[in-house]
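Biologist: I am new to this structure, and I would like to learn how its features are read, one after another. Could you take me through them slowly?

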Amino acid sequence: MTRPAARPGTAAGPVATATAPASGPAPGPTPAPAPAPVPPAGRRRAVPGALWPYLLVAPTVVGIAFLLAYPLVRNLLISLQHYGMAELIRGGADFAGLDNYREILRDGEFWQVTRRTLGWTAINVVLIMVIGTGVALMLQRLGKRMRTLVLSGLVLAWASPVIATTTVFQWLFSSRLGVVNWLLARLGFDSFQDYSWLAHGPAAFTVLVLLVVWQSVPFVAITLHSALTTVPTELFESARIDGAGGGRVFRSITLPLLRPVFGLLLCLEVIWVFRCFAQIWAVTGGGPGGATTTLPVYSYQVARSLHRYDLGAAAATLTVLILIAVLVLYFRQMFRQEAEL
Amino acid sequence: MSGSLRRLPLNAGALVVFVLCVFPVYWMVLTAFKPTPDIQAETPVFLPTSLTLEHFSAAVKADGFWSFWRNSLLVTAGCVLLALAVALGSAFAVARLRWKGRRGFVLMVFIAQVAPWEALLIPMYVIARDTDMLDRLPTLTLVYFMITLPFTIVTLRSFLTAIPRELEEAAQVDGCTRAAAFRRVTLPLLAPGLLATSLFGFITAWNEFAFANMLIIKNQDDRTLPVWLSSFSNVFGTDWGATMAASTLFALPVLILFLVLQRRVAAGLAGGAVKG
């Protein structure tokens, strides 16, 4: 999302520092050596110029503190308390130490759900990245008219609201009158006549994978495509003139150019798919028989159906810990790319 | 001749991708307009001979449809405006000013951008209960504001750094105050960036399901469209025509905004508004 504009951003860094002192003498004739942060309109306002940046970022800091940091801390706190329906109503939960974590880690279902979540993430992300890269490379080769056509299709799929397309997929895969069943039966797979996708675990899982892949591929394809278009075509041409074949061009030029963007996208997709809740909840609610329950769904179910907010919070904390491992990779990649923040 | 023959598999693949992308959306809109007998035909009707608006009237007449629409619109608009206003200040401070703690602040925003929101459902619910903010739309506005804010700051910052600060300085030399220079010179150039970020903020908030589902429980009239739509089987049963009509009406604002704004945003980026 930040790709296209990120490049000029980094370039503007040194320019900015170089011009900052030059603007110093402009506002006032004071011969005193100006401090590094120049307060241009400072003398007109009561607020000293050096305070301005802090005032400007204050709402963001307050927002992050109250709406992000505090809930995170509170989640940790709840996971260390006995927190059920009674505590929710009365308040005054007592400290439980690591009891909740012990309980959840001993629960066979938690491990099953964790394994399923990792499998769910792996399957989806591999499909998304492979198809997304394929489509991006295809876009590069297409003629102008075809490219516009495919791009507009991708944008349409990308822009379609998640819950709307989630509902549409339920209609596409509906057992009676669903187009998919009709098509499969037409192609000779007679067992799909009136097949109830959402009543069978693996089938429901497949529908969800198709849905999430369909929703995610456009973003990956469009981002990779725009990364590819920033490469001057001369680079490819000169490589071809030098006698490089298609495979060689891909390995020596395309791949190294795409690698940073690819790494960022990979991390983002892992995070998104791992966290995915709305689609699963709306289509299957974690069913049938828990076959599509991933960690976020599990944590929600434990909290809402069993009123075990403490266990749900513990599961959520463990989810965050698993995600942090991915996030570390993500930030390493990002810092490598954006030398200056 | 041989060239076009060689391109055949490529173009065929492109067509397949296009059809796979477009078909679900096409099927949604088509079903919404199809007469019920066509929907219930054993062989799906891909190109209908007659169209009807009865499904739309069924969807619109469903209980509370308009209040869900209003709720979604209010929450989304509030979130986008709030995030834009707050993000503009932060993005300006990060892109244009030098101050101690800037790097730390940017890092914090980057981390917030990938915060695992789904893991915060339970504490948010408990906090909202404690502070008597449960079942209230402003709570959703605040949560969505926080979800969209980091991303808005990051995007606006990169748009801002792409605008040469010499333009502002020139205006200041010509006698503008710094604030006026920003308002008259940079802000107009930033318009595509503001449009782009508000578009993405709008999509995020308009789509949000998990928190709306968790934080609005008792007061059913205060639900938002995604939550209502996800429970369509309770509302319409297996009336797929009405369900698809409701989905279409839900998707419409986003698709329209996308179509209207995308070209402008893209034009602003590509044309390099600074050059002229």
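**Reading rings, burial and an interface**

Modeller: Keeping in mind that this is a predicted model, we can begin with the aromatic rings, of which the structure holds 38 pairs over all chains.

Biologist: How is the pair of Phe169(A) and Trp214(A) to be read, in distance and in angle?

Modeller: In general, a pair of aromatic rings is described by the distance of the centres and the angle of the planes. Here the centres of Phe169(A) and Trp214(A) are 5.7 Å apart with 55° between the planes, which makes a tilted pair.

Biologist: Are Phe169(A) and Trp214(A) buried or exposed?

Modeller: The reading rests on relative accessible area, where buried means under 20%. Phe169(A) has 7% and therefore counts as buried, and Trp214(A) is buried as well, because its value is 11%. Both belong to one aromatic cluster, whose members include Phe173(A), Tyr195(A) and Trp197(A).

Biologist: Turning to the two chains, how many residues does each give to the contact?

Modeller: Chain B gives 98 residues and chain A gives 95 residues. The area buried between them is about 8,600 Å², and carbon and sulfur atoms give 76% of that area. On the side of chain B, the residues that lose the most area to chain A are Arg98(B), Val114(B) and Ile122(B), together 8% of what that side buries.

Biologist: Which polar features are found between chain B and chain A?

Modeller: The rule finds three salt bridges across this interface, and eleven residue pairs are in polar contact. In one salt bridge the side chains of Glu42(B) and Arg176(A) meet at 3.5 Å, N to O. The side of chain B that touches chain A divides into 66 nonpolar, 18 polar and 14 charged residues.

Biologist: What does Arg74(A) touch, apart from residues up to four places away in sequence?

Modeller: Arg74(A), which is found in helix 2 (residues 52-79) of chain A, touches Tyr83(A) as well as Pro123(B), Val126(B), Ile127(B) and Asp130(B). With a relative accessibility of 13%, Arg74(A) counts as buried.

Biologist: And where does Ala313(A) lie?

Modeller: Ala313(A) lies in helix 14 (residues 309-337) of chain A, and at 0% relative accessibility this residue counts as buried. Beyond its neighbours within four places in sequence, Ala313(A) is in contact with Asn75(A), Ile78(A), Ser79(A) and Ile122(B).

How values were computed. Residues numbered from 1 in each chain as written. Chains lettered and ligands numbered in written order. Predicted model: local features only at pLDDT ≥ 70, side-chain atom pairs only at ≥ 80, totals over all residues. Heavy atoms only, no water. Helix = DSSP H or I, 4+ residues; strand = E, 2+ residues; numbered from the N terminus. Buried < 20%, exposed > 50% of the residue type's maximum accessible area, 1.4 Å probe, protein only. Contact = heavy atoms within 4.5 Å. Buried area = accessible area lost by both parts, 1.4 Å probe. Salt bridge = Lys/Arg side-chain N within 4 Å of Asp/Glu carboxyl O. Polar contact = N/O pair within 3.5 Å; in protein donor to acceptor, adjacent residues only side chain to side chain. Nonpolar A, V, L, I, M, F, W, Y, C, P; charged D, E, K, R; others polar. Phe/Tyr/Trp six-rings, centres within 6.5 Å; stacked < 30°, edge-to-face > 60°.
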